[in-house]
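Hi everyone, thanks for making time this morning.

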Amino acid sequence: MKKYLFFFISLIIAYILGNIIPWKVFVPNIDWTKKISSGEYFYYCITVIQAIGTIGAVLVALFSDAIKSYLRKPALEFRLHKENVSEVLDENKTNIKAKAYHGAIDIFNNGNSNADDCELHVESIIFKGYGMTCGTELLSGDYPLSWNEDDKKTYIPVRGKKSFSILTILPPISQSTPGGQAQTLPASMSIGTFETPAEFNGGEWTVSISLYSPCLGKPHKLSLIIVWDGSWENRETEMKNKIRLTLEEL
C-alpha cells in the first residue's frame with residue numbers, strides 16, 4: 001500500500017513541477033543561421049574549455065584517492081626462492097651435513113607504489129598420501145605467518161622484494177624409550193610454525209596462502225604444493241630428489 005501511495009504522490013509532484021517549470025525551458029534555443037565574429041567564436045571556445053576544466057577539477061577533488069589508487073599501485077609477482085629446498089649446514093662437525101632444510105617464497109613488487117602493511121595467512125593445509133583419492137584437511141581457518149621472528153606485517157618497496165620461509169624440514173632424532181631402548185623418530189616438517197603430524201609423513205601437501213594489503217584491490221591467493229616422500233638426506237644434492245615444490249597464483 002505504501003508503494004502505491006509513494007508512486008501517486010510522485011506523480012502529483014511531477015505534474016506540479018511540470019506546470020511550474022515547463023520542459024521547454026531546458027531546450028536550447030540556438031539560431032544556427034546567425035553569424036558570429038571571430039572574437040565571439042574565440043570567447044565561446046574559451047568558455048567551453050573553462051567549463052570542462054571546472055568540471056574536471058571538481059571530479060579530481062572528489063575522486064582523487066580513487067584516481068591515485070588506479071594510476072599508482074603495486075604489482076606483485078611470486079616465485080619460489082629455489083626450485084626445491086635450501087640446506088642449512090652444520091659446520092661444527094668434521095663431516096659437513098645439513099641440519100635443516102628450508103623452503104621460501106620471494107615476492108617482487110614490479111609496480112609504481114609500495115605495498116604497505118602486507119600480511120600473510122595460511123587458509124588451509126590438505127594432505128594426500130600415496131594412493132589416497134581424497135585428501136585430509138590438517139589445518140583450516142585463518143593461520144597467520146610471520147615475515148621474520150617478530151613482524152606480522154611488512155612493506156614491499158617499488159622494484160624491491162621480500163621473502164618469507166614457508167616450510168622447514170628437520171632430520172630424524174634418536175632418543176631413548178623409558179625401557180632404555182634406542183628409538184629413531186623420522187624427519188619432520190613444519191609449515192610456518194605448524195608442525196605436520198608424524199602420521200602424515202610422505203605424500204602431497206597443498207597449502208593455500210593469502211597475502212593481504214590495503215594497497216591491493218583484493219588479496220593475492222597462492223597455492224603451494226609440496227611433494228615429499230618423508231625421507232632425509234644429509235646434503236641438498238641428494239635431498240632435492242626427495243622433495244618437489246610447485247607454486248601457483250590463483
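Let me begin with strand pairing: two strands pair if DSSP finds at least two bridges between them. The elements I'll name are DSSP runs, with helices being H or I runs of at least four residues and strands being E runs of at least two, numbered from the N terminus. A word on the model: it is predicted, so to speak, and local features need pLDDT of at least 70, side-chain atom pairs count only at pLDDT 80 or more, while totals for chains, interfaces and linings use all residues. Residues are numbered from 1 along each chain as its sequence is written, and side-chain values use heavy atoms, with hydrogens and water left out.

Now, please find strand β12, residues 203–212. On one side of the story, β12 pairs with β4 in the antiparallel sense over 10 bridges. Within that pairing, Ser 124 has Ser 208 in β12 as its bridge partner. β12 also pairs with β13, again in the antiparallel sense, over nine bridges. There, Trp 205 stands opposite Ile 226 in β13.

How many of the 10 residues in β12 are buried? Seven are, and the strand is mostly covered. By buried I mean under 20% relative accessible area; exposed is over 50%, and partly exposed is in between, using a 1.4 Å probe and protein chains only. As a reminder, in a regular strand the side chains alternate between the two faces of the sheet.

Next, the charged pairs. Side chains of opposite charge can pair when their charged atoms come close. I'm calling something a salt bridge when a side-chain nitrogen of Lys or Arg is within 4 Å of a carboxyl oxygen of Asp or Glu. The structure holds six of these salt bridges, and I'll show you some of them.

Let's stay with β13 for a moment. Lys 221 forms a salt bridge with Glu 123, and their closest N and O atoms are 2.6 Å apart. Lys 221 lies in strand β13 and Glu 123 in strand β4, residues 115–129, so this pair ties together parts that are 98 residues apart in sequence. Lys 221 is partly exposed at 28%, and Glu 123 is partly exposed at 27%.

Which residue does Glu 87 pair with? Its salt-bridge partner is Arg 235, with the closest N and O atoms 3.0 Å apart. Glu 87 sits in strand β2 and Arg 235 in the loop between β13 (220–228) and α4 (236–239), so the pair ties together parts 148 residues apart in sequence. Glu 87 has 21% relative accessibility and counts as partly exposed; Arg 235, at 30%, is partly exposed as well.

One more pair: the side chains of Glu 77 and Arg 79 meet in a salt bridge at 3.0 Å, N to O. Glu 77 is partly exposed at 29%, and Arg 79 is partly exposed at 41%.

On to the cysteines. A disulfide here is a pair of cysteine sulfur atoms within 2.5 Å, and by this rule the count comes to zero. Cys 215 is partly exposed at 29%, whereas Cys 134 counts as exposed at 57%.

Last stop: Asn 84, in the loop between β1 (76–80) and β2 (86–90). Is Asn 84 buried or exposed? At 19% relative accessibility, Asn 84 counts as buried. Leaving out residues up to four places away in sequence, Asn 84 touches Lys 240, Ile 243, Arg 244 and Leu 245, where contact means heavy atoms within 4.5 Å.

Thanks, everyone!
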